[in-house]
Amino acid sequence: MHNIILDCDPGHDDAVAIILAGQKKYFNVLGITTTSGNQTIEKTSRNALSIVEYLDLDIPVAKGASEPLIREVEVCEAIHGESGLDGFEFKPLKRSFDSRHAINFIIDTLLNSKEKVTLVATGPLTNFALALKLNPSIRNKIDRIILMGGSYQMGNVSPASEFNILCDPEAAFIVVNSKLPIYMITLDVTRKVLCYNSYIEQIAKINNKASHLFVNLMQVFNKNQKEVFGYDGAPLHDPVTIASLIDENLVTFKHVNTEIDLSHGCSYGRTNCDIFDYLKKEKNTYVSIDINVEMFFKIIEEAIKSYK
């Protein structure tokens, strides 16, 4: 059983991560916090709370950072649409957000936890970076940070940079250099887990509320990924973070030194992962280099079947 806080910016693939995290046999989700990223903070926050309410999960949701530390807000409307979750119509919300800002929620939850907590980030790292800066003592309550972000090969919003990191490179710099165990789920593995239409059809047969959510979202996600990147199946980036906790044999990691490019040049936001240890610097991240694709999709199917 993992105690986790999930920080996200839903986002179609974030929604699948929430479906996975909602399995009580694996996770005690202490809270979901939100940040701008795939859409504005108002939209990503509403999406997160809507997913939690729709799946009937007893998880508090707290709104977080509306903008990066330095950069202007950039959203990913071409992939996730005007709502951030195009493809599914939620009923009007009945639940309310936690009254605390996400940063205060993270600090309070960690300090009040008797056990160590795993922080999971599937969006920009602004909330985690600010929490670490505002109250460094929370480090003692953090087991590890698992984030979806970066690449040791090519980016997906520039030749060099991955979206979540480029949204707030300065926050990524703070987190990666926090001296905490950092597990980085990179594009190098998430581009291997493509959700083809045949898998969507397979999940549709489950015919429960989680499968309805998944199928409707993935149909739009696939269409947009095809138009933007030419993929026949959408890469399910964010759920790999949660799936890697469900089965720790899923992802192969390599312990390396990673530096975040803050130069504001053409490689701004790049995660320079020293895979071959050229620089002989202190190793500060566990970087994903491979994934068991078949196992990953079995984990998703099992999660969806766990809902009524």
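**View 1. Salt bridges in the predicted model.** The whole structure contains 18 salt bridges, each defined as a side-chain nitrogen of Lys or Arg within 4 Å of a carboxyl oxygen of Asp or Glu. The model is predicted, and local features need pLDDT of at least 70, side-chain atom pairs pLDDT 80 or more, while totals for chains, interfaces and linings use all residues. Residues are numbered from 1 along each chain as its sequence is written, and side-chain values use heavy atoms, without hydrogens and water.

**View 2. The salt bridge between Lys179 and Glu282.** The N to O distance is 3.2 Å. Lys179 lies in the loop between helix 7 (169–176) and strand 6 (182–185) and Glu282 in the loop between strand 11 (271–273) and strand 12 (285–291), so the pair ties together parts 103 residues apart in sequence. Helices (H or I, at least four residues) and strands (E, at least two) are DSSP runs, numbered from the N terminus. Both residues are exposed (relative accessible area over 50%; buried is under 20%, partly exposed in between; 1.4 Å probe, protein chains only).

**View 3. The salt bridge between Lys223 and Glu227.** The closest N and O atoms are 3.0 Å apart. Both residues lie in helix 10, four residues apart, about one turn of the helix. Lys223 is partly exposed at 48% relative accessible area, whereas Glu227 counts as exposed at 55%.

**View 4. Arg144 over the face of Tyr183.** Arg144 lies 5.6 Å from the ring centre. A charge sits over a ring if NZ of Lys or CZ of Arg is within 6 Å of the ring centre and within 35 degrees of the ring normal.
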